[in-house]
Amino acid sequence: MRVLGIEGTAWAASAAVHDTEAGDTRIFTDAYLPESGGIHPREAAEHMRGAIPTQVATALDYARETTPENRPSDDPPVDAVAFSRGPGLGPCLRIVATAARTVAQRLDVPLVGVNHMLAHLEIGRASAGFDSPVCLNASGANAHLLGYHGGRYRMLGETMDTGVGNAIDKFTRHLDWSHPGGPKVEAAAEDGAYVDLPYVVTGMEFSFSGIMSAAKQAVDDGVPVEDVCFSLQEHVFGMLTEVAERALSLTGSDELVLGGGVGQNARLREMLAEMCDQRGASFHAPEPRFLRDNAGMIAVLGARMAAAGDTVAVEESAVRPNWRPNDVPVTWRDGEDVSRAATPREGPTQRGAEATVSLGERVVKRREAKSYRHPDLDARLRRERTRAEARLLHDARKLGVSTPVVHDVDQREATITMERVGASDLAGRLDPDLVATVGRHLATLHGAGVVHGDPTTRNVRVPDATGRALGGGSERTWLVDFGLGYHSDDVEDYAMDCHVFEGSVVGTADDPAPLVDAFEAAYRETGDPSVVEQLRDIEGRGRYQ
Ligand SMILES: C[C@@H](O)[C@H](NC(=O)OP(=O)(O)OC[C@H]1O[C@@H](n2cnc3c(N)ncnc32)[C@H](O)[C@@H]1O)C(=O)O
Ligand SMILES: Nc1ncnc2c1ncn2[C@@H]1O[C@H](COP(=O)(O)OP(=O)(O)OP(=O)(O)O)[C@@H](O)[C@H]1O
Ligand SMILES: [Fe+2]
């Protein structure tokens with residue numbers, strides 16, 4: 001099959017021809033470069049209006065010139081037209097869609113509406129040959145982790161404010177550097193030294209606004225720009241690598257694939273590769289022409305969708321500027337069996353995302369040094385988290401929330417020795433009654449101003465099916481891993497805790513709805529119902545500016 005792809009969600013006016021038999025993809029792109037500031041939606045649309053028809057014509061000429069000899073001469077040069085249907089800037093998307101409809105009708109071939117974010121990750125998954133990777137999209141307007149489960153890509157974690165590229169670009173606008181800023185920060189970082197900046201991770205969610213304000217302030221305060229650029233990369237990419245590792249740990253996957261324009265950054269790729277190497281996982285990033293926005297990825301996924309019969313009638317092909325990748329029915333992977341054990345069998349040593357935990361009569365949790373992180377940042381995080389964990393395990397216990405008793409803390413070695421509790425993780429026994437206990441635990445913590453910070457299903461210990469468990473406590477489920485926890489009186493922080501827990505359920509359970517209901521009902525009963533309202537607000541919030 002030969003497919004014409006058209007891309008134009010923001011800056012790349014791009015057309016491509018993908019030939020499935022030859023395995024060949026040719027991309028033609030005309031980039032929009034703002035004269036000043038960032039991407040202006042109106043200017044970008046003007047660029048698309050002029051450049052899309054030219055790129056499409058060039059790609060179609062190429063398709064005609066390279067028509068295989070065995071193809072009947074009255075066949076059209078391509079068998080389908082695929083276009084970026086969303087997410088992206090509305091005015092740009094509409095120009096792309098109009099062009100795609102026109103060509104499809106003229107050639108009398110089917111039209112395929114592709115989700116741009118899934119195209120970013122499927123292109124790497126295809127070239128790696130991975131079945132069930134965790135997918136990290138690090139692009140301009142987005143930053144999220146996806147995993148395929150039960151016929152859909154599930155959202156495992158995402159930015160709570162801006163996309164990662166846009167965050168960096170906003171920082172460089174403060175310096176009056178021209179767009180795009182990412183490559184310039186990468187170049188400047190080469191001569192930089194480390195300074196501390198905020199580092200914000202909650203479970204697999206993260207946010208960039210605090211670190212970006214601090215970076216701008218640091219420059220205004222006279223910290224050398226190259227030091228700020230270096231440190232910005234160390235923090236931002238360290239955060240992305242950490243959440244990617246947590247997603248691998250939660251899903252039990254041992255494959256990671258990278259997508260998106262920020263993936264062109266060598267330091268980010270180096271960190272991800274090193275993290276995977278240390279976990280014994282495989283890492284893949286496609287070549288740069290497939291990482292930044294390009295029509296090749298649209299044509300490649302478009303071909304798979306067309307082969308699955310996933311085409312769209314012209315009159316139903318309206319664009320979707322806010323189309324979330326987890327809302328896309330994944331028709332092209334039907335029948336693939338990629339199920340895997342949610343929980344590896346419990347051996348003498350457990351490996352979380354951060355720590356190695358040896359399970360003897362007592363449990364020794366050691367936060368190992370992470371070589372992908374800058375040593376100063378690594379030392380700071382291990383120290384802070386060990387201290388927070390020991391203190392909050394104790395605080396939670398005093399509130400009546402079951403947690404393991406802490407026997408010993410060694411801050412220099414980043415080691416905690418504690419009581420062994422439960423028989424397995426909740427991840428391996430997702431059951432509404434057990435999930436409800438987490439609702440009660442979190443409501444109690446929040447009622448006393450304590451935020452867990454990482455309440456995933458891997459951080460709840462439960463008895464086995466016969467009720468057998470180690471450790472005491474009235475609820476018979478225990479919260480562990482308070483390393484990202486803190487004290488707060490902000491309802492938003494409590495709702496984020498709930499969001500992280502629900503995210504870990506929705507990302508991994510076959511049938512999440514009854515579990516989420518059980519969690520929320522229990523939370524409402526014990527705690528402040530306005531937290532659940534705030535949770536709805538978080539879910540409905542527009543992200544990715
Ligand atoms: C919806 C769609 O329009 C959007 N596309 C997009 O953001 O373009 P993309 O090509 O994936 O990424 C562009 C971003 O990638 C950053 N970038 C490019 N090279 C970089 C580098 N070497 N280091 C860091 N960032 C880099 C740029 O600064 C810019 O913010 C998206 O995928 O989110
Ligand atoms: N006190 C305990 N008793 C029994 N098992 C425990 C205990 N503490 C931790 N574990 C087990 O070890 C695993 C890893 O521990 P923990 O979550 O604290 O590490 P981590 O590396 O910080 O994990 P994360 O991936 O959540 O960041 C847990 O999922 C749990 O199965
Ligand atoms: Fe993109």
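Predicted model: local features only at pLDDT ≥ 70, side-chain atom pairs only at ≥ 80, totals over all residues.
Local features are given here only at pLDDT of at least 70 and side-chain atom pairs only at pLDDT 80 or more, while totals for chains, interfaces and linings use all residues. Residues are numbered from 1 along each chain as its sequence is written, and chains are lettered from A and ligands numbered from 1 in the order in which they are written.

Colleague: What radius of gyration does the protein have?

Modeller: The radius is taken over C-alpha atoms, and the globule rule is 2.2 Å times the number of residues to the power 0.38. For 545 residues, a compact globule would come near 24 Å. The protein agrees with this, at 24 Å.

Colleague: What percentage of the residues count as buried?

Modeller: A residue is buried if 20 or more other C-beta atoms, placed from the backbone, lie within 10 Å of its own, exposed if 12 or fewer, and partly exposed in between. Of the 545 residues, the buried part is 52%.

Colleague: Which helix gives the most to the side of domain 1 that touches domain 2?

Modeller: By an automatic or database domain assignment, the protein is divided into domain 1 (2-121 + 291-333), domain 2 (130-285) and domain 3 (349-540). The contact between domain 1 and domain 2 takes 18 residues from domain 1 and 23 residues from domain 2, where contact means C-beta atoms, placed from the backbone, within 7 Å. Helices (H or I, at least four residues) and strands (E, at least two) are DSSP runs, numbered from the N terminus. With 4 residues, the helix that gives the most to the domain 1 side is α3 (residues 116-128).

Colleague: Which helix gives the most to the shell around ligand 1?

Modeller: Ligand 1 is surrounded by 27 residues, each with its C-beta atom, placed from the backbone, within 6 Å of the ligand. The shell draws at least three residues from each of domain 1 and domain 2. Helices α3, α4 (164-174) and α5 (182-189) each supply at least two residues. The most, 4 residues, come from α4.

Colleague: Is Ala 355 buried or exposed?

Modeller: Ala 355 lies in strand β14, and its contacts, not counting residues up to four places away in sequence, are Lys 365, Arg 366, Arg 367 and Glu 368. Because 21 other C-beta atoms lie within 10 Å, Ala 355 is buried.

Colleague: How does Val 357 count, with its C-beta neighbours inside 10 Å?

Modeller: Val 357 is also placed in strand β14. Because Val 357 has 19 C-beta neighbours inside 10 Å, it counts as partly exposed.

Conventions: Contact = placed C-beta atoms within 7 Å.
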